[in-house]
Amino acid sequence: MVFRSFLHDNLHRQRHLGEAMILRFLTRPLSTPQKAVAKPPEAARLCLRHVGIDMPIEIKRSPRSKRYALRISLTRRAIVLTLPLRGDLKKATLFAERHADWIRQKIDQLPQAVPLIAGSVVPFRGVPHHIKATGRRGAHVLIGQDETGMAILDVPGDPVFCARRLRDFFQKQARRDLQKAVDHYAQIMDVKITGLTLRDSKSRWGSCSAAGRLNFSWRLIMAPPFVLDYLAAHEMAHRKEMNHSARFWTLLDRLTPHVAAAEHWLKTEGPSLHRYGDQQSTANTLDLSTEEI
Ligand SMILES: [Zn+2]
């Protein structure tokens, strides 16, 4: 059986508009089409050196692209240079070099990545929590408050493993909340699902296959509960409408009153959820200081 993974065109498109700040375009039209010849595979990155600082840039060729464009991906904290399929890499590099000051400035303005270690503040169910790791013995992360009334997440065990434990905790809580919400909608809609998987996708918050398998980003546990609940309702609505038609949105509006608010939250605040945690394990992420080609 062919499983057709259902792309969230609408959410997807909105997210990308939200996360990317389009820099500037090269207005020059494309060079004349060249004969198709087998080219050696080109590097997926180039490294721009500007006033002694290396700036790695991801290269992305796109059939939809008509010009050279630079953008900053907030979710991946990366500079991305998009060029047409037949675009010239040398021209693209010159283009990036001309805008090096601008790129540097945008990188400096990026919100800092927040590691999941003691002292950091991380949102959990929409509320900022201080991470505490005192080496306490025990198996469970405890949720509490400090003497000032600030919410805390007290992580047990060796502080070296704090990030991993907290991530495990977040994923467990995400699964619990999502399962609960999905069960609720399954019951009122009288539909079934065949599985629920958590992922760490940078490009979508959730998806639903034709066979009824749901995927969600575990990072939704950091968002306010109405956002997580909305995503569950959205995916469940796809059990009846595998599209983003008017019928789909009407059904979704009947399931939850939070459609507009949650879509707005995901667009404006969603990208910032990718700041949290160890990003180094993500293959797509650039190391902004040391990458060399
Ligand atoms: Zn959808």
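These legends accompany several close-up views of one predicted model.

**View 1. The whole chain, before we zoom in.**
Let us start with the overall make-up: the chain has 7 helices and 13 strands. Of its 293 residues, 27% are buried. Contacts can also be sorted by how far apart the partners are in sequence. Among those between residues at least 6 apart, 60% join residues at least 24 apart.

**View 2. The largest nonpolar core.**
Which residues have the most contacts inside the largest nonpolar core? They are Ile131, Leu166, Leu220, Val227, Leu228, Leu231 and Ala232, in a core of 37 residues. Two or more residues each come from helix H4 (162-189), strand S13 (213-217), helix H5 (225-237) and helix H7 (259-268). A separate, second core has 15 residues, among them Ala69, Ile79, Ala92 and Phe95. As a general background to this view, nonpolar side chains in soluble globular proteins tend to be buried together. Look now at Leu231: leaving aside residues up to four places away in sequence, Leu231 touches Trp205, Gly206, Phe216 and Leu220.

**View 3. Where helix H5 meets helix H7.**
A pair of packed helices is described by the angle and the distance between their axes. Here the axes of H5 and H7 come within 9 Å and cross at roughly 105°. H5 is therefore roughly perpendicular to H7. From H5, the contact uses Phe226, Val227 and Tyr230, while H7 brings Val259, Ala261, Ala262, Trp265 and Leu266. What kinds of residues make up this contact? There are 8 nonpolar residues, no polar ones and no charged ones.

Now take the pairs one by one:
- S7 and S8 are antiparallel, paired over 4 bridges; here Pro123 has Pro128 in S8 as its bridge partner.
- Strand S8 (residues 127-132) and strand S10 (residues 151-154) are parallel, with 3 bridges; His130 has Ile152 in S10 as its bridge partner.
- Strand S9 (residues 142-145) and S10 run antiparallel and are joined by 4 bridges; Ile143 stands opposite Leu153 in S10.

The hairpin of S9 and S10 has 5 residues between the strands, and Gly149 in this hairpin takes a positive phi near 95°.

Arg125 has a phi near 50°, a positive value, and is not a glycine. Arg125 is found in the loop between S7 and S8, and counts as partly exposed with 18 C-beta neighbours inside 10 Å. The other example is Asp190, where phi is near 60°, again positive in a residue other than glycine. Asp190 lies in the loop between H4 and strand S11 (195-199). Is Asp190 buried or exposed? Asp190 counts as exposed because there are 8 C-beta neighbours inside 10 Å.

Tyr68 is found in the loop between strand S4 (53-62) and strand S5 (69-73). Asp88 is 20 residues from Tyr68 along the chain, with 9.3 Å between the two C-alpha atoms. Asp88 is found in the loop between strand S6 (78-84) and helix H2 (89-98). With 15 other C-beta atoms within 10 Å, Asp88 is partly exposed.

**View 4. Arg275, in the segment after H7.**
Our last stop is Arg275, found in the segment after H7. Arg275 is partly exposed, with 19 other C-beta atoms within 10 Å. Which residues does Arg275 touch, not counting those up to four places away in sequence? They are Pro111, Ala113 and Val114. Arg275 and Leu110 are 165 residues apart along the chain, while their C-alpha atoms are separated by 9.9 Å.

How values were computed: Residues numbered from 1 in each chain as written. Predicted model: local features only at pLDDT ≥ 70, side-chain atom pairs only at ≥ 80, totals over all residues. Buried ≥ 20, exposed ≤ 12 C-beta atoms within 10 Å, placed from the backbone. Contact = placed C-beta atoms within 7 Å. Core = buried A, V, L, I, M, F, W, Y, C linked by C-beta atoms within 7 Å. Axes fitted to C-alpha atoms, helices over the stretch in contact; angles between N-to-C directions. Parallel < 35°, antiparallel > 145°, perpendicular 65-115°, else oblique. Nonpolar A, V, L, I, M, F, W, Y, C, P; charged D, E, K, R; others polar. Pairing = 2+ DSSP bridges.
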